[in-house]
Amino acid sequence: MRELDVPARTRLARSFGAAVIIALILGAAIGFATLRGGDQGNDGERSAATVSSAGRGETTGTAAVGGGVPTATVKAQVRETRIDPFDASHAAVAGLDATLRERIQKAARAAADEGVDEFWLTSGWRTSEYQQGLLNAGVKKHGSLDAALRWVKTPTTSEHVKGAAADVGPTAAAYWMDRNAERFGLCRTYANEIWHYEVRPADGCPPQKGDAAG
Ligand SMILES: [Zn+2]
């Protein structure tokens, strides 16, 4: 069924359902991290605070973003595709460059004021490991590394890994961004990616590159 055909209440219910599922997945991930932390035999009635401190020692390579957030949680979060741009506790949002995050949030508010009823990030900050996974999947999908690089950068070249890019969804929100991003100091980077936005350089938005390889 197309999104446009779904009554608002149904959409809301579906969003809520997705949130519950995500919460369950995160809960499972945190539980798993806790088990790995040497808590086998525990009855599972641990408080959130205890889980958080148990996971602290496992944070690797994401200190700038994760702080005390368990690695398993960060891994799960960066794979999500409906991310609330105002959720500062979400790794994909917390890891964004502060200027980019503020401008995306301003744009999201304006979009809502202008009748765009759904606006989320399909991706924000990514771990290097996740970026590599996307590239590997791209090679499978497109048949070669060269073909994949038109759509997915490497962990060392990706703006997402640097926290310098945000992907906007759903499609209607991405189209709204295409028309309005510059008002908020943001630029669409690639001709083949209507969803991908970065902070506008001081001298204005550069001409769009054809694709991620260009
Ligand atoms: Zn992107």
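Biologist: Which residue of β4 stands opposite aspartate 167?

Modeller: Histidine 196 does. Bear in mind that this is a predicted model, where local features need pLDDT of at least 70, side-chain atom pairs count only at pLDDT 80 or more, and totals for chains, interfaces and linings use all residues. Numbering starts from 1 along each chain as its sequence is written.

Biologist: How many helices and strands are there, and what makes a stretch one or the other?

Modeller: There are 9 helices and 4 strands.

Biologist: What makes β2 and β4 a pair?

Modeller: Pairing needs at least two bridges found by DSSP. β2 and β4 have 2, in the antiparallel sense, so they qualify.

Biologist: And why are β1 and β3 called edge strands?

Modeller: The open sheet runs β1-β2-β4-β3 with antiparallel pairing. β1 (120-123) and β3 (186-190) each have a single partner strand, so one side of each lacks a neighbour in the sheet. Neighbouring strands are turned by 50° against each other on average, direction ignored.

Biologist: How do you know whether glycine 163 is buried or exposed?

Modeller: Count the other C-beta atoms, placed from the backbone, within 10 Å of its own: 20 or more is buried, 12 or fewer is exposed, in between is partly exposed. Glycine 163 has 21, so buried it is. Residue 163 sits in the loop between α8 and β2, and its C-alpha is 5.7 Å from that of glycine 95, 68 residues away in sequence.

Biologist: Why does alanine 164 get its label?

Modeller: Alanine 164 has 16 such neighbours, so it counts as partly exposed. Leaving out residues up to four places away, alanine 164 touches Asp97, Leu100, Glu159, Glu198 and Val199. A contact here means C-beta atoms, placed from the backbone, within 7 Å.

Biologist: Why call α4 mostly covered?

Modeller: In α4 (residues 71-78), 7 of 8 residues are buried, Thr71 and Val78 among them. For the protein as a whole, 33% of the 214 residues count as buried.

Biologist: What makes a set of residues a nonpolar core, and how many are in the largest one?

Modeller: The members must be buried Ala, Val, Leu, Ile, Met, Phe, Trp, Tyr or Cys, joined through C-beta atoms within 7 Å. The largest such core has 34, and Ala107 and Met177 are among those with the most contacts inside it. Its largest share, 5 residues, comes from α6. Beyond its neighbours within four places in sequence, alanine 107 contacts residues including Met177 and Phe184.

Biologist: Last one: is the peptide bond from glycine 169 to proline 170 cis or trans?

Modeller: It's cis, with omega near -5°. Most peptide bonds are trans. Proline 170 lies in the loop between β2 (166-169) and α9 (171-180).

Terms used:
Two residues are in contact if their C-beta atoms, placed from the backbone, lie within 7 Å. Axes are lines fitted to C-alpha atoms, for helices over the stretch in contact, and angles run from 0 to 180 degrees between N-to-C directions.
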